[in-house]
Amino acid sequence: RLGQIGTQVQAELTAEQTAINNAAKALDAQKGALDQGSFDKQAADLQLRANAYQRKAQLRDREMQATQQKALGRVGQELDPVIRTAYQQSKCSMLLQRDALVLANPAMDITGAVVTGLNAKITQFAFDREHLDQPAPAAQSGK
């Protein structure tokens, strides 16, 4: 789902960037036909559009990060009891993250049980892109 949302965001940004690039090319082609004041005004307007685009691209990047964090948070929430169950069933006395291990007994690896348990609990869930450019609900209601 994150890939789909990322593709949608990229399509939105690419369309806007293409429009700005086309406008810049058109303005450059008209440079000799426009008086300096008109050219400067159009160039300034185009720069405003480009700056707005940059802010929008940065916002969409933050939204994608927030969306990913929220989705991973949901997976983590679902994963926690599954890990706890697998840990207890394997009679583990300590649980370490794989990247913290130097040497481990493969019989104590609960990864397979955790993946199976999580897959039994959820295989997918719906979520949409987080929108950071919308006012907070309290602001919308005038509070």
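Visitor: Why is Glu78 called buried?

Guide: Buried means a relative accessible area under 20%, and Glu78 has 15% relative accessibility, so Glu78 counts as buried. Once its neighbours within four places in sequence are left aside, Glu78 is in contact with Leu118, Lys121 and Ile122.

Visitor: Where is Ile122 found, and what makes it buried or exposed?

Guide: Ile122 is found in the loop between α3, residues 111–121, and α4. Its relative accessible area is 14%, and because the limit for buried is under 20%, Ile122 is buried. Leaving aside neighbours within four places in sequence, the contacts of Ile122 are with Arg74 and Glu78. The C-alpha atoms of Ile122 and Glu78 are separated by 7.9 Å, although the two residues are 44 residues apart along the chain.

Visitor: What makes Gly76 partly exposed?

Guide: Gly76, which lies in helix α2, has a relative accessible area of 33%. Buried requires under 20% and exposed requires over 50%, so a value in between is called partly exposed, and that is the case for Gly76. Between the C-alpha atoms of Gly76 and Leu118, residues that are 42 residues apart along the chain, the separation is 9.9 Å.

Visitor: How do you know that Thr67 is buried, and what does Thr67 touch?

Guide: Thr67 is found in helix α2, which covers residues 36–89. Its relative accessibility is 1%, and because buried means under 20%, Thr67 counts as buried. Not counting residues up to four places away in sequence, Thr67 touches Leu2, Ile5, Phe127, Asp128, Arg129 and Glu130.

Visitor: Why are α1 and α2 called roughly antiparallel?

Guide: The axes of helix α1, residues 2–30, and of α2 come within 10 Å and cross at roughly 170 degrees. Angles over 145 degrees count as roughly antiparallel, and therefore α1 and α2 are roughly antiparallel to each other. The residues of the contact of α1 with α2 divide into 16 nonpolar, six polar and five charged.

Visitor: How many helices and strands does the protein chain have, and what share of its residues is buried?

Guide: The secondary structure comes to four helices and zero strands, and, read along the sequence, the protein chain follows the pattern α-α-α-α. Of its 143 residues, 17% count as buried. Among contacts in the protein chain with a separation of 6 or more, 74% are between residues 24 or more positions apart.

Visitor: Since the model is predicted, which elements have the lowest and the highest mean pLDDT?

Guide: Helix α4, residues 137–140, has the lowest mean pLDDT among the elements of the protein chain, at 52, while α1 has the highest, at 94. Over the protein chain, the average pLDDT is 84, and 83% of the residues score at least 70.

Definitions and conventions: Residues are numbered from 1 along each chain as its sequence is written. This is a predicted model: local features need pLDDT of at least 70, side-chain atom pairs count only at pLDDT 80 or more; totals for chains, interfaces and linings use all residues. Side-chain values use heavy atoms; hydrogens and water are left out. Helices (H or I, at least four residues) and strands (E, at least two) are DSSP runs, numbered from the N terminus. Buried means under 20% relative accessible area, exposed over 50%, partly exposed in between (1.4 Å probe, protein chains only). Contact means heavy atoms within 4.5 Å. Axes are lines fitted to C-alpha atoms, for helices over the stretch in contact, and angles run from 0 to 180 degrees between N-to-C directions. Angles under 35 degrees count as roughly parallel, over 145 as roughly antiparallel, 65 to 115 as roughly perpendicular and the rest as oblique. Ala, Val, Leu, Ile, Met, Phe, Trp, Tyr, Cys and Pro count as nonpolar, Asp, Glu, Lys and Arg as charged, and the others, Gly among them, as polar. pLDDT is the predictor's confidence in each residue, from 0 to 100.
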